[in-house]
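Please look through the sequence and the model shown below before reading on. The briefing then takes up the surroundings of the ligand, the strands and the nonpolar core in turn.

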Amino acid sequence: MKKLLIIAHAPSLNTRALFAAVRRGAENPQLLDISIKARAPVEATPYDVLDADGLILGITENLAYMAGAVKDFFDRIYYPTISKKEGMPYALYIRAGSDGTGAMKGVERIVTGLRWRAVQEPLIFRGPYNKSFETDCEQLGLAFASGLEAGIF
Ligand SMILES: Cc1cc2nc3c(=O)[nH]c(=O)nc-3n(C[C@H](O)[C@H](O)[C@H](O)COP(=O)(O)O)c2cc1C
């Protein structure tokens, strides 16, 4: 059975709705051979990462960088997991007010060091909140879980 870890920073109603949508997609009842673990970044441990076959990371941009809770997650998991998860498939989504590129570049620099492998371009949800963001998140969860289960990633 493949193991998908979803780590999402969700400090607001909107970001909680995005997190829920990713989970809904990944927990599609037609996918039988995959287990889903969902965590806030402050709760996630190096073991959670070591134990995962793939990871979806949901973050917010604060002050032109990833939110501090997400940086804290990377600070804690970096050395315990480096060189042990090379090639791990991951996907990133970002909720930002108007930008998101600083957060994206920050994550990309870190995961380059970790040698994780992006399975798709990051999704950046910027501007006024739109329900279509949730559709995209649900799609992301479904596509990632399906690909992981099928061994495509
Ligand atoms: C302290 C703080 C700093 C922020 N800095 C940025 C920023 O640099 N760029 C950006 O696009 N959005 C920024 N935002 C907006 C947040 O990314 C956005 O409010 C958050 O993702 C939650 O989304 P929501 O407002 O739809 O609930 C900031 C928000 C806060 C509270």
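**Ligand, strands and core**

The ligand is surrounded by 15 residues, of which the closest are S12, N14, T60, A96 and G97, where a residue is near a molecule if its C-beta atom, placed from the backbone, lies within 6 Å of it. The model is a predicted one, in which local features need pLDDT of at least 70 and side-chain atom pairs count only at pLDDT 80 or more, while totals for chains, interfaces and linings use all residues. Residues are numbered from 1 along each chain as its sequence is written.

**The shell around the ligand**

- Both α1 (13–26) and β3 (54–62) supply at least two residues of the shell; such helices (H or I, at least four residues) and strands (E, at least two) are DSSP runs, numbered from the N terminus.
- The element that gives the most to this shell is β3, with three residues.
- By class, the shell holds four nonpolar, eight polar and three charged residues, with Ala, Val, Leu, Ile, Met, Phe, Trp, Tyr, Cys and Pro counted as nonpolar, Asp, Glu, Lys and Arg as charged, and the others, Gly among them, as polar.

**Strand β1 and its partners**

- Strand β1 (residues 2–8) is mostly covered, since five of its seven residues are buried, a term that asks for 20 or more other C-beta atoms within 10 Å of a residue's own, with C-beta atoms placed from the backbone.
- β1 pairs with strand β2 (residues 34–39) in the parallel sense over six bridges, and five bridges join β1 to β3, which also run parallel; two strands pair if DSSP finds at least two bridges between them.
- L4 has a bridge partner on each of these strands, namely I36 in β2 and G54 in β3.

**The nonpolar core**

- The largest nonpolar core has 42 residues, of which L4, I6, V22 and L55 touch the most other members; such a core is a set of buried Ala, Val, Leu, Ile, Met, Phe, Trp, Tyr and Cys residues joined through C-beta atoms within 7 Å.
- To this core α5 gives the most, with six residues.
- V22, whose place is in helix α1, is buried, with 27 other C-beta atoms within 10 Å.
- Although V22 and C137 are 115 residues apart in sequence, their C-alpha atoms are 4.8 Å apart in space.
- Not counting residues up to four places away in sequence, V22 touches residues including I6, I56, C137 and L140, a contact being a pair of C-beta atoms, placed from the backbone, within 7 Å.

Conventions:
Buried ≥ 20, exposed ≤ 12 C-beta atoms within 10 Å, placed from the backbone. Contact = placed C-beta atoms within 7 Å.
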